[in-house]
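Work through the exercises below with the sequence and the structure open. Try each task before reading its solution.

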Amino acid sequence: MTFLDMLRDATTQNQSLLCVGLDPEPSRFPAALKNDPRKIYDFCAAIVDATADLACAFKPQIAYFAAHGAEDQLERLMQHMRCNAPHVPVILDAKRGDIGSTAEQYAREAFERYGADAVTLSPFMGFDSVEPYLAYHGKGAFLLCRTSNPGGDDLQAQRLASVEGQPLLYEHVARLAQGPWNKNGQLGLVVGATYPQEIERVRAIAPTLPLLIPGVGAQGGDAAATVRAGLREGGPIIVNSSRAILYASSDEYFADAARRAALDTRAALNAARP
Ligand SMILES: O=C(O)c1cc(=O)[nH]c(=O)n1[C@@H]1O[C@H](COP(=O)(O)O)[C@@H](O)[C@H]1O
């Protein structure tokens, strides 16, 4: 089953546009797990179990595991998601980007070591840095396009004088992803919920691509505006929230609180669907 098939099925089955982001930070764990990096798996598995019927995707951020030397716990978590939430695709948020020979190793890490269904990538080094991921047929690859952070404008909103029609850099990324780079139909784009107008612009350039849209919740993006902009052409959207769900409560009932936060976010997203 391809990433896109899984996404379509999970979106329908769970009636959800919500991606639950797994950004485990031990200093924010409840008392019994707090400040213990060996508990990353336990914390994330509890969140997965509490939200598996509410999410269209899960998105573990690899830095939160690697920073603690907890890659083995990420492996276990991937296995846990495959067993306990087999209908929900997993996007490994790695934001990789490197020359082809190194990209081959990163692709192997994402798809063979961790068994991810999709990965996030920086397109900055060009097509040969993306191509090794596309050799894994059916897997998804989301290119950073117009990111949610304020500094995204520093480069992404620069005008490319050398390209016909003089698009902004992020518009050019969207065109490449919708067109010549999307050889096997595996590409998607990352666009921040904090910039609904840019989501609309990207959607106009890339009407059919899946959009991964982080930035609702802790970053303050508008859920309704995000959905309206993202769904206007029919391509799928995946709206990520991490901290607002993971740390909805810091007491022992954190997983129940995460579930309630996921229910609320899912409802807010669904209310704006056309
Ligand atoms: O690629 C991403 O996932 C990403 C792109 C982007 O433009 N902005 C962004 O916040 N993210 C990630 O999405 C998550 C957002 O987390 P919260 O702000 O806690 O919901 C983090 O894991 C970020 O690394």
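**Exercise 1.** Is the crossing of H5 and H6 left-handed or right-handed?

Solution. Begin with the conventions. The model is predicted, so local features need pLDDT of at least 70, side-chain atom pairs count only at pLDDT 80 or more, and totals for chains, interfaces and linings use all residues. Residues are numbered from 1 along each chain as its sequence is written. Helices (H or I, at least four residues) and strands (E, at least two) are DSSP runs, numbered from the N terminus.

Step 1: locate helix H5 at residues 100–113 and helix H6 at residues 127–134.

Step 2: apply the rule that a crossing is left-handed if the near helix is turned anticlockwise from the far one by less than a right angle, and right-handed if clockwise. The crossing of H5 and H6 is right-handed.

Step 3: list the contact, where two residues count if their C-beta atoms, placed from the backbone, lie within 7 Å. H5 contributes Gly100, Ala103, Glu104 and Ala107, while H6 contributes Asp128, Ser129, Glu131, Pro132 and Tyr133.

Step 4: sort these residues. Ala, Val, Leu, Ile, Met, Phe, Trp, Tyr, Cys and Pro count as nonpolar, Asp, Glu, Lys and Arg as charged, and the others, Gly among them, as polar. The H5–H6 contact then has four nonpolar, two polar and three charged residues.

**Exercise 2.** State at what angle H5 and H6 pack and how far apart their axes are.

Solution. Axes are lines fitted to C-alpha atoms, for helices over the stretch in contact, and angles run from 0 to 180 degrees between N-to-C directions. The angle is about 35°, and the axes are 8 Å apart.

**Exercise 3.** Which residues come nearest to the ligand?

Solution. Of the 19 residues around the ligand, the nearest are Thr147, Ser148, Pro214, Ser242 and Arg243. Strand E3 (91–96) and strand E8 (237–241) are the elements that give two or more residues to this shell. By class, the shell has three nonpolar, 12 polar and four charged residues.

Definitions and conventions. Near = placed C-beta within 6 Å.
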